[in-house]
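Subject: Structure for you to look at

Hi,

Here is the structure I promised. Please open it first, then read my notes below.

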Amino acid sequence: MRVRLVDIAHARSGDKGDTANVGVIALKPEWFPVIEREVTLRAVSGHFRNVITGKVERFVLPNLNALNFLLHGALDGGGTLSLKTDAQGKVFSTALLRMTIEVPDDEARRLGMPAAAAR
Amino acid sequence: MSERIVRVASAQGFWGDSLDAPRRQVEGGPIDFLMLDYLAEVTMSILQKQKERDPAMGYARDFLGAVESVLPAVAERGVRIVANAGGVNPHGCADAVRAVLAKGGASAVKVGVVTGDDLLPRLDDLLRDGHALSNMDTGAALETVRDRVLSANAYLGSGPIVKALAGGAQIVITGRSTDTALTMAPLRHAFGWKDGDWDRLAAGIIAGHIIECGAQCSGGNCLYDWRNIPNLADVGYPIVEGRADGTFTVTKHPGTGGVVSVHSITEQLLYEMGDPTSYITPDVVADFTSIRLEQEGPDRVRVFGIKGRPATDKLKVSIAYKSGYKAVGTLVYSWPDALEKAQLADRILRERLDRLGLRFDTILTEFVGVSAAHGPLTPATDAPEVQLRVGVRGDDRRMVERFTREIAPLVLNGPPSVTGFAGGRPKVEEIVAYWPALIDTRVIQPKVEVR
């Protein structure tokens, strides 16, 4: 079933120059393996393909049940150069949480993951 | 005998943070050190401009009020202060602090000053000696912007701050130190950590990373269960309770608002994170994948297990240079069809800029209320209102000025249902851009003066 990342993770983002970082953290430790498996470099690159101009990097922090993504070319030059409202990438965190992932029904049920509401 | 605890309290996460935080941190309970971080990446260049207008300026003036507000605790309880408030004029800052101390009858309080980070006077010599100071992000040589450089500062580590504390300084003022060194140095001084104690030095750096943004680790800007974070109006700023073995507990004063939880700390750990296995500082390379967190009580998180490796032989340099001009104008369009009206206004504005022959490096349009935060990821809605926000950037100041005259006319000669122009014409801003570079550590000699 489809699961919204916003229902199973929280996140914080920040900036370094023209790069935004997004740390994604499982709301429950038992949900982290699913997030690690499904929130791949490819999936996140696809999610942001019309939003950023550069590539995506991905790092795993199993100790914090977290993933860290670097989104390059995300901030119209970044810092003082940027004309964006979000010049410092503060809300890229929630932009990533807009993602949905596919989780097998039995696994999602066993882990108590909420299904995305049908639209 | 109980284990020795050293308390470092964060009281300023950036220049502009709560003015009451320092006083609340010293009055709320026992602390040993007050840590104040004033310097964001572009702050140095703003301070450099202020110093050019008045040679006595160039430091974070808020710091004087902070010192005044905690003076009894410093003079009577022996609370010590570490702050990077010195900006591009640490000695000027120290002179002003000494005047505050004298006025408060506390002239006996010793002030330490750390300098040696300022590379602006040495810049041409360094370039001549083969230090390219290339842009870490783009690889471009500094020569391409040399004539527009406003400030250049190496990030110093904990060493000189430790030296100032060992020399008896009760207030230590630095210029461009790393934010994390402001927390690590007091712990290192108190516990006598040496070069080579990589794990403990890394722990001190991570303690610094957690509290350097003030309340952003204690409930502020915390997404996890945000509705149930209590009493943010009286949010408690974080305190690190350090131990000699490098483990520490993050907490806040009893009775204050906010929350210190594994969730709030984890969010802050990931803030501005790059490669988590290599968090590079002048003192040590810290490994964020080694961190263990444990909720040991209400608003108490124990941090342990941290691993570190030897520092590199380079220091980061923050260079600021002039890079053209920008301006941003806004108007608000209301229902019905708010977004369509704003989109039409944007097309009209762009056509007029074009007819006027104005050329910009970038014109950026956002529709606030619809897609400014998440861009094309946002689902379509019938927005009740939309703020049209158009920004331009370019090297020609006159063209940017001319752009600012083209917003207000749209109120009478553009699409209907428009408001929100009372703020007047947009301001033209000179852009001071950031140029990150590296330099060999051996050419930087920090200086420490305590008196």
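A residue counts as buried if 20 or more other C-beta atoms lie within 10 Å of its own, exposed if 12 or fewer, and partly exposed in between; C-beta atoms are placed from the backbone. By that rule, 49% of the 119 residues of chain A are buried.

Two notes on the source. This is a predicted model: local features need pLDDT of at least 70, side-chain atom pairs count only at pLDDT 80 or more, and totals for chains, interfaces and linings use all residues. Residues are numbered from 1 along each chain as its sequence is written, while chains are lettered from A and ligands numbered from 1 in the order in which they are written.

Chain A

Chain A has five helices and six strands. Both are DSSP runs, numbered from the N terminus: helices are H or I, at least four residues, and strands are E, at least two. Starting at the N terminus, the order is β-α-β-β-α-α-β-β-α-β-α. The C-alpha atoms fill a box of roughly 50 × 35 × 20 Å along the principal axes.

Contacts

Two residues are in contact if their C-beta atoms, placed from the backbone, lie within 7 Å. Take the contacts in chain A with a separation of 6 or more: 61% of them join residues 24 or more positions apart.

Now the interface. Here 32 residues of chain A are in contact with 42 residues of chain B. Which element gives the largest share of chain B's side? S18(B) does, with five residues.

Best wishes
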